[in-house]
Amino acid sequence: MFVYTTPSDAERTSGEYAIKTGEVVSGRPVECVTRRGDWSVWIVESETEITLPDGARISEFRVSGTDLPESNHLIDYHGNWHSNQYGWTFRSDCALINLPYNRAGMIAYLSSGLFKGVGIKTAERIVERFGEKTYEVIAEQPEKLAKIRGLSKKAEAISVTFNETSKLRSVIGNLAPYGVSPRLAVRIAAAFDNPQQVISENPYELTKARIGVGFATADRIARANGISESDPKRIAAAINYYMRRSQEYGNCYAPERLLARVVSERLQSETYPDPYNNGIKQILDLLIRRSYMLHLPPDRCYQRSMLRFELSLADVLIKLSAAEVESRPATKWRADLDAAARSLGVEPSAEQIAAAEMLNKSPFLILTGGAGSGKTTALKLLIAALAPKQALLCAPTGRAARRMADQTGYPAQTIHRALGILNLPDSPSELLYREEGAVINLEVQRIQELPGLERIARTGVSRELYETVAAGEEYRLGDYDLVIVDEVSMINTVLAALLLSEIRPGTRVVLVGDPRQLPAIGAGNVLADMLRADVLPTVYLSRNFRQDEESLIPANAERVSIGENIRFGANCEYHAAVNNEEAADLIRKLYPRLVEKYGLDEVLVLVPIRGDKGRVETRPAAGVFALNHMLREMMNPPRRGATEVTLGGQKWRPGDKLMQTRNRQRNDTKGEIYDLNNGDIGYVSGCFTDEDGAGMIVKFDGVSFIYRSEDAVDLQLAYASTVHKAQGSEYAAVIIVLLDGHYVLLKRDLLYTALTRAKREAHFVGQRSAIGRAIRTPDAAERYTSLGEMLSDAEFRAEAESRFTEEAEQQE
């Protein structure tokens, strides 16, 4: 990470804006000796001698770090000295490039990629026109800059970037006394208009900005700023922080005593030896009285927004399943079903026929079963027999939606696209409540425009949520008479509530999923809770159709689901490896063989962990990060004459297989707008450098898009993936890495999900003990949710609604 600054010589030598416990060394990088992804090691020459921790004096030294600038400018490196087998190396947390004033330096600075749309030729024209006043013109007179050819529409943005970058130096200096590193100071400056005010008045606000500041960091800053350990602001911040973190781990609520205990541990104070009967409990009660939180008996603590979404989801599920629909006579329906089966060339099982008959009588159906149990065939039968005027098929991810379309023969799209949104916000409170000073971004505004969100907002306040639906009431998905949602196990409470609230009661709805897979990312366990409630029409498909009788994959998936050991054989093999290095060596041999057999698109390595934290040299060789780079070098090595570019801290070359990691709307090279979804797989088709800087062309499903440095942060190599990322997709062959070091993540649902990604071959690389541990560990920790009880217990649901209504009336 680097920015340009203009510190004085005194500031450079004093290191006044370094981390309290860190150092600052200055020099010019002359050679990159090691590079792995966005991490690199450089040989740097200093203008003056530097004293090492052992007393030696040198003028050339090694610097390692992430996103280190490739520049011949004088650079201030912030960090600490460390000794290893190569001698002393300076590990840099942040690199600050000093602003150059000679002609060559200014051109290099302006064309460095910091300013979008400025390449070398444009930079030369700017410097030729304004000379020594170049920076002054950029900062204060962008209208003059706009007269340069090619900059009429870019000048204002260039000026804004220049001025924002210049402010960073003062921000770094102002925050340093609080122990804030330069890297973190840059993120804080980007998130807050007045970071100094936030730091001095309430540093705990930093935890809400999603910039990598946890409670411990904010608390350290607050304590250094004089906030006492018993300050109510501190206790309330700890409570709110834990509630947000709890939701990230899948919980909708927190048990009161557990909440008090965890907050007490987080505060790390002797002031609260009994957290339930002291200041923590008092602040918790205060938050409940003021309706920032709600309490459901016996001990459930909710944030208001999460209870509202869970209540709304229960309401809409009940109303959709109880709505009246026109059914066909049994004989007519069976005749239509038989005709549909003949047209598809299939012989439906008794379970598939039961599902069809249930949907004829009911507007709502949950269709569940393991991989290959015939869910797709059942859906094709339902669609063909019902012959809906308008049907919507959707899934949580782009890859799952495309697989759904390929398998059923009907168009499918992502849930987000169907709703007209891109991404959910990190906190559901952003959708329903505008906290003072909160910035509502464009994506939140799109969600707030959904008609269903208003119905969600009425939950618990108006008992007429769906009781008196006006005939003309708007629904985003109101024109469909059949809605089918696949991979429901991946859908969290907020997304489920938003989706189902947009469906008009009386529409036939089919929810499809396998509850044995990994639960959704985010709060809730929607599919499992619906099945556990046992009050909604449900059909479980138990027979496996996908693989032939000799395949071990379906049988082993069933064994895993009930806690039995895997039986290895011809198409489900085990390869022993006792550590990450051995696993990586085995994958190096196995992966090319499978690619030759099935093709690059049909082979994937699955790993429980990303392995991208910390220094590159310490990252696990069999983590996603290291495997992706190893396999890229094997499958797509550098080619003589082929252009490579570095974008977003990652080197790219034509032929690289990559994945889009965030939902985005982008224009293709022809100007057409497309939705690119998290999980989409593409390939680099070309790299180039023009007057706007470096870029590359990426193809997704044959459509080309241009990516620049600021866009490439949404991309990652895609030869290996976490199991979570692969959910909703299938491959001919998968390699599953399981080692004892993954013990925290070794759960039955993770193993089941990984194994069921394979259609033809599954290869386990690792330790039998790790596989056994995963099989013996039933699943991830039970999530704290109330949806099942809200569906099955009318009294509990009424109590929850009354509590919500009482709190709402108190607020009014």
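I searched the whole structure for aromatic pairs and found 11. I counted rings of Phe, Tyr and Trp (its six-membered ring) as a pair if their centres lie within 6.5 Å, with planes under 30 degrees apart called stacked, over 60 edge-to-face and the rest tilted. The model is a predicted one, so local features need pLDDT of at least 70 and side-chain atom pairs count only at pLDDT 80 or more, while totals for chains, interfaces and linings use all residues. Residues are numbered from 1 along each chain as its sequence is written, and side-chain values use heavy atoms, with hydrogens and water left out.

I took one pair in detail. The ring centres of Y204 and F215 are 5.5 Å apart and the planes stand at 15°, so I noted the pair as stacked. Y204 sits in the loop between α8 (195–201) and α9 (215–224) and F215 in helix α9, so the pair ties together parts that are 11 residues apart in sequence. Helices and strands here are DSSP runs numbered from the N terminus (helices H or I, at least four residues; strands E, at least two). Both Y204 and F215 are buried; buried means under 20% relative accessible area, exposed over 50%, and partly exposed in between (1.4 Å probe, protein chains only). I also noted one aromatic cluster, formed by F61, W81 and F90.

I then looked at T89, which lies in strand β6 (residues 87–98). T89 has 4% relative accessibility and therefore counts as buried. Not counting residues up to four places away in sequence, T89 touches R62, V63, S64, N80, W81, H82 and N84, where contact means heavy atoms within 4.5 Å.

Next entry: helices α10 and α11. I found that the axes of α10 (residues 232–248) and α11 (residues 256–267) come within 9 Å and cross at roughly 120°. Axes are lines fitted to C-alpha atoms, for helices over the stretch in contact, and angles run from 0 to 180 degrees between N-to-C directions. The crossing of α10 and α11 is right-handed; a crossing is left-handed if the near helix is turned anticlockwise from the far one by less than a right angle, and right-handed if clockwise. On the α10 side I listed R234, I235, A238, I239, Y241, Y242 and M243, which meet L258, L259, V262, V263, R266 and L267 in α11. The residues of this contact divide into 11 nonpolar, no polar and 2 charged (Ala, Val, Leu, Ile, Met, Phe, Trp, Tyr, Cys and Pro count as nonpolar, Asp, Glu, Lys and Arg as charged, and the others, Gly among them, as polar).

Which strands pair with β9 (residues 300–303)? Strand β7 (residues 254–255) is joined to β9 by 2 bridges and runs antiparallel to β9, with A254 opposite C301. Strand β8 (residues 293–296) is joined to β9 by 4 bridges, also antiparallel, with M293 opposite Q303. Two strands pair if DSSP finds at least two bridges between them. β8 and β9 form a hairpin with 3 residues between them. Both faces of β9 are covered: R300 and Y302 on one side and C301 and Q303 on the other are all buried.

I moved on to an open sheet of 6 strands, paired in parallel in the order β12-β11-β13-β14-β10-β15. Its edge strands are β12 (413–414) and β15 (538–541), each pairing on one side only. β11 (residues 391–395) and β13 (residues 482–485) pair over 4 bridges, and L392 stands opposite V483. Helix α17 (residues 398–408) packs on the sheet and touches β11, β12 and β13; its direction makes about 135° with that of β11.

V483, in strand β13, is buried, with a relative accessible area of 0%. Leaving aside neighbours within four places in sequence, V483 is in contact with L392, I503, T507, R508, V509 and V510. The C-alpha atoms of V483 and L511 are separated by 8.5 Å, at 28 residues apart along the chain.

Last entry: an open sheet of 5 strands, with parallel pairing and the order β16-β29-β28-β17-β27. β16 (572–576) and β27 (720–722) are at the edges with a single partner strand each, so one side of each has no neighbour in the sheet. The twist averages 25° from one strand to the next. β17 (residues 603–607) pairs with β27 over 3 bridges, and L606 stands opposite S721. Helix α24 (residues 553–561) lies across β16 and β29 (758–766), running at about 55° to β29.
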